[in-house]
Amino acid sequence: YNMPKVDPNDIAKCALHHYHDVLSRGKPRSGDEWTIFAAIVASSSFVTQVVSCATGTKCTTLGPGGWTLRDTHAEVVCRRGLLHVLL
């Protein structure tokens, strides 16, 4: 089976377009905030589309024991979304 040749830049453009168009609320402020984004993109010779996507955050807090990193892994949430679509 020959897989269709897909330009990786097209996959990245598709994922980023989806992020900017669909996930427009709650974006971080430019310069002092950020978010983590993961997407699973399916591609054929006719169409490239996002199948699952998720955002995550990495937040640090200072507590009695020192700094704590809280990480909601966008990749894990995105994978769960894909499994939901497949099952």
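**Figure 1. Overview of the predicted protein chain.** Of the 87 residues in the protein chain, 11% are buried. Here buried means under 20% relative accessible area, exposed means over 50%, and partly exposed lies in between (1.4 Å probe, protein chains only). This is a predicted model: local features need pLDDT of at least 70, side-chain atom pairs count only at pLDDT 80 or more, and totals for chains, interfaces and linings use all residues. Residues are numbered from 1 along each chain as its sequence is written, and side-chain values use heavy atoms, with hydrogens and water left out. The secondary structure comes to two helices and four strands. Helices (H or I, at least four residues) and strands (E, at least two) are DSSP runs, numbered from the N terminus. Along the sequence the pattern reads α-β-β-β-β-α. The accessible surface of the protein chain is about 7,000 Å². Carbon and sulfur atoms hold 57% of that surface. Accessible areas come from the Shrake-Rupley method with a 1.4 Å probe; for residues, only the protein chains shown count as cover. Take the contacts between residues at least 6 apart in sequence: 39% of them join residues at least 24 apart. Contact means heavy atoms within 4.5 Å.

Figure 2. Strand E1 covers residues 36-43, and strand E2 covers residues 48-56. The two pair in the antiparallel sense, over eight bridges. Strands pair if DSSP finds at least two bridges between them. Four residues sit between E1 and E2 in this hairpin. Ile36 has Gly56 in E2 as its bridge partner. Ala38 faces Ala54, also in E2. In a regular strand the side chains alternate between the two faces of the sheet.

**Figure 3. The aromatic pair Tyr19 and Phe37.** A search of the whole structure finds one aromatic pair. Tyr19 and Phe37 form this pair, which is tilted, with 5.0 Å centre to centre and 55° between the planes. Rings of Phe, Tyr and Trp (its six-membered ring) pair if their centres lie within 6.5 Å; planes under 30 degrees apart count as stacked, over 60 as edge-to-face and the rest as tilted. Tyr19 belongs to helix H1 (residues 8-22) and Phe37 to strand E1, so the pair ties together parts that are 18 residues apart in sequence. Tyr19 counts as buried, because its relative accessibility is 11%. Phe37 counts as partly exposed, at 23%.

**Figure 4. Leu23 in the loop between H1 and E1**. Leu23 is partly exposed, because its relative accessible area is 25%. Setting aside residues up to four places away in sequence, Leu23 touches His18, Phe37, Cys53 and Thr55. Ala54 lies 31 residues from Leu23 in sequence. In space the two are 9.2 Å apart, C-alpha to C-alpha.

**Figure 5. The nonpolar surface patch.** Val51, Leu83, Val85, Leu86 and Leu87 make a nonpolar surface patch of about 500 Å². Patches are made of residues with over 30% relative accessible area and no salt bridge: like charges are joined within 9 Å, nonpolar side chains (Val, Leu, Ile, Met, Phe, Trp, Tyr) within 5 Å. A salt bridge is a side-chain nitrogen of Lys or Arg within 4 Å of a carboxyl oxygen of Asp or Glu. Helix H2 (residues 74-86) gives the largest share of the patch, three residues. Leu83 has its place in helix H2. At a relative accessible area of 32%, Leu83 is partly exposed.

**Figure 6. Arg80 in helix H2**. Arg80 counts as exposed, because its relative accessibility is 56%. Arg80 and Ala54 are 26 residues apart in sequence. Their C-alpha atoms are 9.5 Å apart in space.

**Figure 7. Cys59 in strand E3.** Strand E3 spans residues 58-63 and holds Cys59. Cys59 is partly exposed, with a relative accessible area of 36%. Beyond its neighbours within four places in sequence, Cys59 is in contact with Thr68, Leu69 and Arg70. Cys59 and Leu69 are ten residues apart along the chain. Their C-alpha atoms are separated by 5.7 Å.

**Figure 8. Lys5 in the segment before H1**. Lys5 is exposed, because its relative accessible area is 84%. Lys5 and Ser43 are 38 residues apart along the chain. Between their C-alpha atoms the separation is 9.4 Å.
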